[in-house]
Amino acid sequence: AVVSTQSTGDDGEGEVKMSSSKSPQLGVDIKKLRNKKLTSTEFMQVWFHYDKDRSGYLEYVEFSQFMKDLFLNKNCTDFTPEQVEKYTKEVINLMDTYDENRDGRFEMNELAKALKIEENYLNKIINKKAIKDKHIQSLLRHYNSNCVDAEKIEGPELHAFACDLARHFGLKISFPIVLTGVQLINELAGAVNRDSLRIILAKENIDFLRSAFVGISSS
């Protein structure tokens, strides 16, 4: 499926909608996530696909569906007792290990620890003394996993960019921080493309975003 973010209502909060397409429905092969670290874009695709009710959490049922897709063969309707047992144990083990506040659901930060996200790619760029054309190009290439429009960062890729900004600022990522981060980025620079990335990554604007992100996390 293609994930797109549309503004709904006066508060500007994004609603993520899925449009049907051929399997797999994430833009990533869910089975390949077993033994690899996820990019932040892949993580956001997983999050928005399985957070069906847009609650900002993965409830037990939603996470169980993710684990089912990860460990069981979707083309098979009859699962062996061994398969079901393995899948059930994995769900319980991950919930016990990473559900830090023991509320029976995953917050975004908890799921990120469980699934393991790659090292923050933005750190390599923001920490440079001067942002050059090649750095902007590498960002566009990194976040545009499907290469539909390599000149823009939007949809789950923009949520991933906001997620990585929060991580760069040393914050625990959460659904509200990511959504509000996207809104802040759009208000600061409009559509995120080659030109606006230069605006966003300017030192004074990174300092502004840092202050705004920290304010969101403490509210």
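Guide: Let's start with α7 and α8, which are roughly perpendicular to each other, because angles of 65 to 115 degrees count as such and theirs is about 100 degrees. The axes of α7 and helix α8 (residues 175-189) are 8 Å apart. This is a predicted model, so please read every value here as computed from that prediction.

Who takes part in this packing? From α7 come Leu158, His159, Phe161, Ala162, Cys163, Leu165 and Ala166. They meet Ile177, Val178, Leu179, Gly181, Val182, Ile185 and Asn186 in α8.

Leucine 158 lies in helix α7, and it counts as buried because its relative accessible area is 7%, under the 20% cut-off. Setting aside neighbours within four places in sequence, leucine 158 is in contact with Ile153, Val182, Ile185, Asn186 and Val192. Leucine 158 also shows how the fold brings separated stretches of chain together: alanine 191 is 33 residues away in sequence, yet the two C-alpha atoms are 9.7 Å apart in space.

Now turn to another partner of α7. Helix α7 (residues 156-168) and helix α10 (residues 203-218) have axes that come within 10 Å and cross at roughly 85 degrees. That makes α7 roughly perpendicular to α10. On the α7 side, the contact is made by Ala162, Leu165, Ala166 and His168; on the α10 side, by Ile206, Leu209, Arg210 and Phe213. These residues divide into six nonpolar, one polar and one charged.

Helix α7 is also among the elements packed against by helix α6 (residues 133-143). The buried residues of α6 are His135, Ile136, Ser138, Leu139, Leu140 and Tyr143. Besides α7, these buried residues pack against α1, α5, β5 (152-153) and α9 (194-200).

Tyr143 leads us on to α1. Glutamate 42 sits in helix α1 (residues 40-50). Glutamate 42 and tyrosine 143 are 101 residues apart in sequence, with their C-alpha atoms 9.6 Å apart in space. Glutamate 42 counts as buried, because its relative accessibility is 15%.

From here, let's visit the aromatic rings. The structure holds six aromatic pairs. One of them joins phenylalanine 63 and phenylalanine 106, an edge-to-face pair with 4.6 Å from centre to centre and 70 degrees between the planes. The partners come from distant parts of the chain, 43 residues apart: phenylalanine 63 belongs to helix α2 (residues 60-71) and phenylalanine 106 to strand β4 (residues 105-106). Phenylalanine 63 counts as buried because its relative accessibility is 0%, and phenylalanine 106 counts as buried because its value is 0% too. Ring pairs link Tyr50, Phe63, Phe66 and Phe106 into a cluster.

Arginine 105 lies over the face of tyrosine 57, at 3.6 Å from the ring centre.

Most residues other than glycine have a negative phi. Arginine 102 has a phi near 55 degrees, a positive value in a residue other than glycine. Arginine 102 is placed in the loop between α3 (81-98) and β4, and it counts as exposed because its relative accessible area is 55%. Lysine 116 has a positive phi as well, about 70 degrees, although it is not a glycine. You can find lysine 116 in the loop between α4 (108-115) and α5 (121-126); with a relative accessible area of 38%, lysine 116 is partly exposed.

Finally, step back to the whole chain. Its secondary structure comes to 10 helices and six strands. Of the 219 residues in the chain, 44% are buried. Among the contacts with a separation of 6 or more, 55% are between residues 24 or more positions apart.

Conventions:
Residues are numbered from 1 along each chain as its sequence is written. This is a predicted model: local features need pLDDT of at least 70, side-chain atom pairs count only at pLDDT 80 or more; totals for chains, interfaces and linings use all residues. Side-chain values use heavy atoms; hydrogens and water are left out. Axes are lines fitted to C-alpha atoms, for helices over the stretch in contact, and angles run from 0 to 180 degrees between N-to-C directions. Helices (H or I, at least four residues) and strands (E, at least two) are DSSP runs, numbered from the N terminus. Angles under 35 degrees count as roughly parallel, over 145 as roughly antiparallel, 65 to 115 as roughly perpendicular and the rest as oblique. Contact means heavy atoms within 4.5 Å. Ala, Val, Leu, Ile, Met, Phe, Trp, Tyr, Cys and Pro count as nonpolar, Asp, Glu, Lys and Arg as charged, and the others, Gly among them, as polar. Rings of Phe, Tyr and Trp (its six-membered ring) pair if their centres lie within 6.5 Å; planes under 30 degrees apart count as stacked, over 60 as edge-to-face and the rest as tilted. Buried means under 20% relative accessible area, exposed over 50%, partly exposed in between (1.4 Å probe, protein chains only). A charge sits over a ring if NZ of Lys or CZ of Arg is within 6 Å of the ring centre and within 35 degrees of the ring normal.
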